[in-house]
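Colleague: I am new to this model. Could you take me through it, one question at a time?

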Amino acid sequence: MRDLRVLCLHGYHGSADILRGQMAPLAPSLRNVELVHLDAPSLAAGDFGWWHNPSRGWDRTRTWAMELFATQPRFDGVFGFSQGAAFAGLLAGMREEPDEHTIDFDFAVMVGGFKNDAPAHAPLYQHQFTLPSVHIIGRTDGVIPPRESEALAAQFENPVVLEHSGGHVVPGDAAVVGGLTAFLERMSRQAARLTGGDAVRGRQ
């Protein structure tokens, strides 16, 4: 296996620092994951969120994402919470676009996510996503109803769905942590194979 590099996307009214705190329950299980927390570009302009309903500010965020993926070291995956999870879903849609070669990553983890039904986003949901994915859903989530997270999961082929009894949080219960850890280990082994890691170990 090898370490994974994961872009972390905060929620509406959130920030990189807030998401770090929200993800603290998962931290012990993410020892081999480099978490790259970034603020939405709106924060630098005194605004908040990745966009405002229905899609105001999306063009700014889309441009930011394309520049980020073009200039940063490659991300293996994307982790999103709430609106950040919806954004992760949109990035998966951008990744599927036939003329888009900038947005490239291998998996997504979405906590309390949803599909945004703005007309500007509709083209990104035209096809089912082939990207491996995990969807963490709180059965008592009063902010994003579970059915909305389930609709986002259904946008992906073979999604891994992990439910917990809590609300709109990043949970740390054993079942979720175990399921997420197993998924990330699988992604790490896959990344190692793609980069020749297994062959290197075989010669040692």
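Colleague: Is Glu-185 buried, partly exposed or exposed?

Modeller: This is a predicted model, where local features need pLDDT of at least 70, side-chain atom pairs count only at pLDDT 80 or more, and totals for chains, interfaces and linings use all residues. Residues are numbered from 1 along each chain as its sequence is written, and side-chain values use heavy atoms, with hydrogens and water left out. Buried means under 20% relative accessible area, exposed over 50%, and partly exposed in between (1.4 Å probe, protein chains only). Glu-185 has 36% relative accessibility, so Glu-185 counts as partly exposed.

Colleague: Which helix holds Glu-185, and how far is Glu-185 from Val-170 in space?

Modeller: Helices (H or I, at least four residues) and strands (E, at least two) are DSSP runs, numbered from the N terminus. Glu-185 is found in helix α5. Val-170 is 15 residues away in sequence, and the C-alpha to C-alpha distance is 19 Å.

Colleague: Is Met-187 buried or exposed, and what separates its C-alpha atom from that of Phe-107?

Modeller: Met-187 also has its place in helix α5. Its relative accessible area is 4%, so Met-187 is buried. Phe-107 is 80 residues apart from Met-187 along the chain, and their C-alpha atoms are separated by 7.6 Å.

Colleague: Where is Thr-195, and how far apart in space are Thr-195 and Arg-2?

Modeller: Thr-195 sits in the loop between α5 and α6 (197-202). With a relative accessible area of 53%, Thr-195 is exposed. Thr-195 and Arg-2 are 193 residues apart in sequence; C-alpha to C-alpha they are 9.5 Å apart.

Colleague: How many cavities of 30 Å³ or more does a search of the whole structure find, and about how much space lies in the largest cavity?

Modeller: On a 1 Å grid over the protein atoms alone, a cavity is a set of points where a 1.4 Å probe fits but cannot get out; lining residues have an atom within 4 Å of a point. Grid points are joined across faces, edges and corners, and a volume is the space filled by probe spheres set on the points. The search finds one cavity of 30 Å³ or more. The space in the largest cavity is about 60 Å³.

Colleague: How many residues are in the largest nonpolar core, and which element gives the largest share?

Modeller: A nonpolar core is a set of buried Ala, Val, Leu, Ile, Met, Phe, Trp, Tyr and Cys residues joined through side-chain atoms within 4.5 Å. The largest has 33 residues, and Leu-9, Phe-69 and Phe-87 are among those with the most contacts inside it. β1 (4-9), α2, α3 and β4 give two or more residues to this core. The largest share, eight residues, comes from α3.

Colleague: How many aromatic pairs does the structure hold, and what parts does the pair of Trp-51 and Phe-87 tie together?

Modeller: Rings of Phe, Tyr and Trp (its six-membered ring) pair if their centres lie within 6.5 Å; planes under 30 degrees apart count as stacked, over 60 as edge-to-face and the rest as tilted. The structure holds 11 aromatic pairs. Trp-51 and Phe-87 are edge-to-face, at 6.5 Å centre to centre and 85° between the planes. Trp-51 lies in the loop between β2 and α2 (58-71) and Phe-87 in α3 (residues 83-96), so the pair ties together parts 36 residues apart in sequence.

Colleague: Which peptide bond is cis, with omega near 0°?

Modeller: Most residues other than glycine have a negative phi, and most peptide bonds are trans. Pro-54 lies in the loop between β2 and α2. The cis bond runs from Asn-53 to Pro-54.

Colleague: Is Ser-82 buried or exposed, and what is its phi?

Modeller: Ser-82 lies in the loop between β3 (77-81) and α3. Its relative accessibility is 10%, so Ser-82 counts as buried. Ser-82 is not a glycine, yet its phi is positive, about 60°.

Notes:
On a 1 Å grid over the protein atoms alone, a cavity is a set of points where a 1.4 Å probe fits but cannot get out, and a pocket is an open set with protein on both sides within 12 Å along at least five of seven lines; lining residues have an atom within 4 Å of a point.
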